[in-house]
Amino acid sequence: ELSQVDLSNAEMLVLPGGLGGVEALWADDRVSTLIQEAAGKGVWLAALCAAPILLGRWGLLDGRKATSYPTRHSQLGKAEVLPEARAVSDGKFVTGHACGSAFDFGLKLVEVLRGEEAARAVNDVIYYRR
C-alpha cells in the first residue's frame, strides 16, 4: 500500500516497466505525489523500459540525460535522450532502455548506490558480458 511507504530511510525507488503497469502508475495520483516527494528529498529514482515516461511527465528529467523504450523517447519531456544507451544515470535518476537491458540497468543501480567496484564484483559473479 502506497500510504505505508516511508521515505525517511529510502535510498531508491524503482519504477518497473511494462506498458500496462506504467499506465496504472500514470493514472494514480498517489504515485505522482510519492515520486515527487521522493525527488524533493533526494531519494534516487530509477525507471526501466516505459517507466521513464513517468519521470518525464512530472518534469523530473528536464535537462538530464535519459533513455527509455525506443517508442517512448518523445515522452521524456525536456530530457537529453540517449537512444542507444542501455542505462543512464544523471543526478539522482537512473533510466533504462528496455527489459533486454535489465542487467545493464541493475548493474547501474548497484554502481550509483554502492560504487563501481561493487558493480564490477556483481558483474563478475553473474558473468554478464555484453
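Counting a salt bridge as a side-chain nitrogen of Lys or Arg within 4 Å of a carboxyl oxygen of Asp or Glu, the tally here comes to eight salt bridges. The structure is a predicted model, so local features need pLDDT of at least 70 and side-chain atom pairs count only at pLDDT 80 or more, while totals for chains, interfaces and linings use all residues. Residues are numbered from 1 along each chain as its sequence is written, and side-chain values use heavy atoms, with hydrogens and water left out.

One of these salt bridges joins the side chains of R114 and E11, at 2.9 Å from N to O. R114 sits in helix α4 (residues 102-114) and E11 in the segment before β1 (12-15), so this pair ties together parts that lie 103 residues apart in sequence. Helices (H or I, at least four residues) and strands (E, at least two) are DSSP runs, numbered from the N terminus. As for accessibility, buried means under 20% relative accessible area, exposed means over 50%, and partly exposed is in between (1.4 Å probe, protein chains only). R114 is exposed, at 51%, and E11 is partly exposed, at 39%.

K108 counts as buried, with a relative accessibility of 18%, whereas E111 is partly exposed at 28%.

R30 forms a salt bridge with D28, and their closest N and O atoms are 2.7 Å apart. With E1, these two residues are linked in a network of salt bridges. D28 is buried, at 18% relative accessible area, while R30 is partly exposed, at 46%.

Stepping back to the whole chain, there are five helices and six strands. From the N terminus on, the elements run β-α-α-β-α-β-β-β-β-α-α. The radius of gyration is 14 Å, close to the 14 Å that the globule rule gives for 130 residues, so the chain is as compact as a globular protein of that length. That radius is taken over C-alpha atoms, and the globule rule is 2.2 Å times the number of residues to the power 0.38. Along the principal axes, the C-alpha atoms fill a box of roughly 40 × 35 × 25 Å. Of the 130 residues, 41% count as buried.

Among the strands, β5 (residues 87-90) and β6 (residues 93-96) pair in the antiparallel sense over four bridges; strands count as paired if DSSP finds at least two bridges between them. V88 has T95 as its bridge partner in β6. The two strands form a hairpin with two residues between them, and G91 in the turn has a positive phi of about 65°.

Helix α5 (residues 116-126) gives the largest share of the patch, three residues. V125, in helix α5, is exposed at 62%.
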